[in-house]
Amino acid sequence: MPLDQPQDVPPEIASTEASAGLHALTRELNAELSHRAASDVIETALRVISPLRLVSSFGAESVALLHLAAMVDRDIPVIFIDTELLFTETLVYQQELAERLGLRNLRIIRNALIAARDPQNMLHKTNPDACCALRKSAPLQDALNGSNGWITGRKRFQSQERAALPFFEVEPETLRIKVNPLAHWSRDNVEEYITENRLPRHPLVARGYPSIGCAPCTSPVRAGEDLRAGRWRNTSKDECGIHFAGGRMIRQGAET
Ligand code: SF4
């Protein structure tokens, strides 16, 4: 079974073997599901990867993935990271949407160290990478501990970096499988799915926010601007996920 590590070999060899096994498994799954629907990807992920989590920001497009997942299994563990600097609209939307979709295993995660490390809530101004690490990445990694994979809402159209995003990929630092059921969806696909299924939008979408993160770091987008132009406006930062591996800081998109 590719997700298990053998007990009687040195850890570094077991890790190498596990990594090779996981890459073989993801190659196999990507080939098998290349022309299948997002719901097939979720069903397969739930069958092959255990424990599995779904991570959602309950942002502008999140409802599509959450609805698809709820149709497959309402008991899927859904992780929502509350950075304590989110819009009030996001917190209300999260509660209402989870209830409407009947999600029965919602896990709201906060980092207990926020009050001590950022008592004035100013870290986002002085060091946004450290702020994201404290408020998003560290609690996300804690929430994923013990899991063998997680489902995200990332899509190829969102950035150059994601242009070749597969359905299944191996996170090299953690050896977890990251599942991207909507990788092949266009922006129009998302809009059509939400409209056809009469799903509720995040209220800030109608007020000019096509991408929604923390309140201090998100502004409305003007006509003709990139959809993510309102995130960390006027800075070079464009991804929220900061992950530390082997002492190195790695940017990684944790947008869902
Ligand atoms: S998006 Fe802004 S406020 Fe939120 S964690 Fe990152 S830097 Fe901090």
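Predicted model: local features only at pLDDT ≥ 70, side-chain atom pairs only at ≥ 80, totals over all residues.
I then sorted the shell by class.

**Entry 1: the whole chain.** I turned to the secondary structure of the protein chain. I noted eight helices and eight strands.

How much of the chain is buried? I looked it up: buried residues make up 38% of the 256 residues.

I also checked contacts between residues at least 6 apart in sequence. Of these, 69% join residues at least 24 apart.

**Entry 2: helices H2 and H3.** Two packed helices are described by the angle between their axes and the distance between the axes. I looked up both values for one pair.

H2 covers residues 38-48, and H3 covers residues 62-72. They pack at an angle of about 55°, and their axes are 10 Å apart. That angle makes H2 oblique to H3. I recorded the crossing of H2 past H3 as right-handed.

Which residues meet here? On the H2 side I listed Ala38, Ser39, Ile42, Glu43 and Leu46. On the H3 side I listed Leu68, Ala69, Met71 and Val72. By class, this contact of H2 with H3 has seven nonpolar residues, one polar and one charged.

Terms used. Residues numbered from 1 in each chain as written. Axes fitted to C-alpha atoms, helices over the stretch in contact; angles between N-to-C directions. Helix = DSSP H or I, 4+ residues; strand = E, 2+ residues; numbered from the N terminus. Parallel < 35°, antiparallel > 145°, perpendicular 65-115°, else oblique. Left-handed = near helix turned anticlockwise from the far one by under 90°. Contact = placed C-beta atoms within 7 Å. Nonpolar A, V, L, I, M, F, W, Y, C, P; charged D, E, K, R; others polar. Buried ≥ 20, exposed ≤ 12 C-beta atoms within 10 Å, placed from the backbone.
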